Amino acid sequence: ASRGVLRGDLGFSFIGHQPVADAIGQYFPATLELTLWAVVPLLGIGIQLGVWSAVNHDKFVDHVLRIFAIVGWSFPTYVFGLLVLMIFYAQLDWFPAGRLSEWATRVVLDPNQFNAVTGMYSFDALLNGRLDVFLDALRHLFLPVITLSYLWWAQILRVTRSSMLEALRQDYVTTARAKGLPERVVIQRHVQRNAMIPVATIGGLIIIGLMSGVVITETVFNIRGLGYFFADSALHLDVISVLGFTLFYSTLVVLGNLAADITYAFLDPRVRYT
């Protein structure tokens, strides 16, 4: 059956008689769930690796992490995604693709057993007290989260390392060391905090990119989120849906930049007075 694109009175595009706003509301929870689970290891581990690399500048650890970053940044998403699928799903059968197993899907779609609140299965499972569904959702999220984290760790690592190396050369670091402060205190209170502004900028852009839908990752792991919606709309030449997605993405960019600006004030008190 052909996919019809109809026009409503308000200019909405209907995909199977569904307005664009409703389609975004349907697909966005899957993307948001993936983003929320990916952002913690992505930023937390990426920043820590960058700090570790800068503190051990030109040592063996630094060289290993730089190679790690180069390999990660050069790896195509679909290649790494298919690789982890081949190893952990096809060979070991540990972490499957999709969002839920068949039995968990039946539970989630049954209103007598499950009350969908947010549309994010892992969080809804906790709200419904279904630990079995929660663990199944996490099992399905593991591979896409690892894929996104590894590919973006490289970028976060490089930005954090460069910013840390620049901060380590500043006079206030020399003064702090001359006062006899422990190196751990110097790194955490004086260097790392001042080096986080560029990291906050790139981190905000990464989160915006994740929330707007990661097309390749969602396609490889069969997650029907915003990336799936955008790719499907483009393939069927659904111009109105593509424009609706673009407008939604533009809104996320504005909100993300605003959040990054607010974060600057917490990282650097001097920003509050400018």
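A: Accessible areas here come from the Shrake-Rupley method with a 1.4 Å probe, and for residues only the protein chains shown count as cover. On that basis the protein chain has an accessible surface of about 15100 Å², with 64% of it belonging to carbon and sulfur atoms. The model is predicted, so local features need pLDDT of at least 70 and side-chain atom pairs count only at pLDDT 80 or more, while totals for chains, interfaces and linings use all residues. Residues are numbered from 1 along each chain as its sequence is written, and side-chain values use heavy atoms, with hydrogens and water left out.

The protein chain has twelve helices and two strands, these being DSSP runs numbered from the N terminus (helices H or I, at least four residues; strands E, at least two). Taking contact as heavy atoms within 4.5 Å, 70% of the contacts between residues at least 6 apart in sequence join residues at least 24 apart.

Now to the charged pairs. A salt bridge is a side-chain nitrogen of Lys or Arg within 4 Å of a carboxyl oxygen of Asp or Glu, and by this rule there are four of them. One of these joins D62 and R161, with N and O 2.9 Å apart. Because D62 belongs to helix α2 (residues 60-74) and R161 to helix α6 (residues 131-168), this pair ties together parts that are 99 residues apart in sequence. D62 counts as buried because its relative accessibility is 0%, and R161, at 12%, counts as buried too.

Two further salt bridges have partly exposed partners. The side chains of R130 and D132 meet at 2.8 Å, N to O; R130 has a relative accessible area of 22%, and D132 has one of 33%. Between R177 and E183 the closest N and O atoms are 2.7 Å apart, with R177 at 38% relative accessible area and E183 at 39%.

R99 also deserves attention. This residue lies in the loop between α3 and α4 (102-109), and its 19% relative accessibility makes it count as buried. A polar contact is a pair of N or O atoms within 3.5 Å; within protein, one must be able to donate a hydrogen and the other to accept it, and residues adjacent in sequence count only if both atoms are side-chain atoms. Such a contact, of 2.9 Å, joins the side chains of R99 and E33, and the backbone oxygen of G119 lies 3.2 Å from a polar atom of the R99 side chain. Leaving aside neighbours within four places in sequence, the residues in contact with R99 include A30, M120, Y121, A137, H140, N222 and I223.

Elsewhere, helix α11 (residues 226-235) has L226, G227, F229 and S233 buried. Seen down the helix axis, these buried residues fall within an arc of 165° and so line one face of α11, the arc being that of the directions from the axis to the C-beta atoms.

Key
Buried means under 20% relative accessible area, exposed over 50%, partly exposed in between (1.4 Å probe, protein chains only).
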